[in-house]
Amino acid sequence: GESAVVSAVLEDSESKGRARRLVRFLLTTLEKEGDVVEMYSAGFDDSDRESDGDDDDGKEELESAREEDEGCARVRLSAAAGLLKMSRQRVFRSAMRPKEQLVVLMTAQDALPDVRLAFARKVFHGVMARRLNAMWLCALAFMSIDPDKENLDRAREMLITAVRAMRSRLPSSPPSSTAAAEAAEAADMLTHQPEIILASLVWFVAHHPDFEEDKAQELDESRSYLALFFDALLDSRDFASFLVQILQTIATECGGAGHSTKARDGVGGVDADDGGDPFDAGGGSREVVVARVGLEILKQKNSGKKWDLSEYKGRLPLPRSMYPAANRAAAHAAKQNGENEDEKLREVRNAPRAAGSTAGSNGGGGGDGGGGLVTGLMGLKAPARGKDGAIREWIDQSVRVAW
């Protein structure tokens, strides 16, 4: 039935508008705890509310009745499953922003244990079959506070299995001819590692409906979400520094004024001989608060272990829809850096030739003149096409040789 509805919408000439309306309807269904026929809302019209607080008690009773009703539970699960299917189609994805995705993810914390586990299995099988984006695995992390031990154990097993499957699918790239090309390929490979999900998880945890309440409890639940996720990822400690870099990128670029920009230049934002704490992050937005919690957890897990926290350099891309301001600022900085590099090249081209450069360029003498410049530049092997990072490094090397 879910597939038939999706197909019918996609075949319609006005599919985009219909897609938005269908997504909104299913999201509203989840927000109403599946009570699509309003079986448990009689007698609570806004115009009849009293101010003595009795209506709040009644609303809680009705909400509890919706959550425990078997029919409403099936409706909630069907609505969440339908939204998962829709997320596979571009026309529906455009109507599901991060806040809408979070509403779907909250099914992993449904009032009924059977609904929670059934939803988790749908997410797991969808990711394993490559039909769902790996971002949906955040639902399994949300089950870290599941009061049902069997559900928690299943969620942990599914998350570990999914992480290992993602790693095993990554192709082993042959060694590159240049260090620059190898660095660019390594950076690209990182964006396909399961660790990249962490940026999405931080955003979802930061915007969880109970986040403010959780802050009053010292973020115990937020810590639990992140800890379960880290436990599944740190089976291979080779990528521990990658997790640190993701969190430091969020802490730096979402923290506003008062944050050092050094984190963009290296893991943890601390030089190897700086003596600073690579796990440190200041306060700031909700995302920064969660990133800071994640850094504290990793610091505890790092105790007594040797992790290389300066292995991966450069800025990591954050999900555009979740971190628009940070991405705009990073794009502006990258543009300025590119303009600076172009200016350096123009200065090299326009600089007057040293004495003997003409002779050097024609093959005679000119040890430090043009002949040395040409020889030096020709000695730099150009990177393969399509490797932007490698090309940029090659340009930097060329400028250094030219100077």
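Which residues line the largest cavity? Let's take a look, keeping in mind that this is a predicted model.

## The cavity

Start with the count: there is one cavity of 30 Å³ or more. The volume of the largest cavity is about 40 Å³. As for the residues around it, the lining is made up of Val205, His208, Asp210, Phe211, Asp214, Glu221, Ser222 and Tyr225.

Two helices each give two or more residues to this lining: H12, which covers 211-216, and H13, which covers 220-233. The top contributor is H13, with three residues. If you sort the lining of the largest cavity by class, you get three nonpolar, two polar and three charged residues.

## Helix H6

Now hop over to helix H6, which covers residues 98-105. Is this helix mostly covered or mostly open? Mostly covered: six of its eight residues are buried.

If you want to find the buried ones in the structure, look for Pro98, Glu100, Gln101, Leu102, Val104 and Leu105 in H6.

## The cysteines

How many disulfides are there? The count comes to zero.

Why does cysteine 138 count as buried? Because its relative accessibility is 0%, and buried means under 20%. Cysteine 254 has a relative accessible area of 19%, so cysteine 254 is buried too, given that the cut-off is under 20%.

How values were computed
Residues are numbered from 1 along each chain as its sequence is written. This is a predicted model: local features need pLDDT of at least 70, side-chain atom pairs count only at pLDDT 80 or more; totals for chains, interfaces and linings use all residues. Side-chain values use heavy atoms; hydrogens and water are left out. On a 1 Å grid over the protein atoms alone, a cavity is a set of points where a 1.4 Å probe fits but cannot get out, and a pocket is an open set with protein on both sides within 12 Å along at least five of seven lines; lining residues have an atom within 4 Å of a point. Grid points are joined across faces, edges and corners, and a volume is the space filled by probe spheres set on the points. Helices (H or I, at least four residues) and strands (E, at least two) are DSSP runs, numbered from the N terminus. Ala, Val, Leu, Ile, Met, Phe, Trp, Tyr, Cys and Pro count as nonpolar, Asp, Glu, Lys and Arg as charged, and the others, Gly among them, as polar. Buried means under 20% relative accessible area, exposed over 50%, partly exposed in between (1.4 Å probe, protein chains only). A disulfide is a pair of cysteine sulfur atoms within 2.5 Å.
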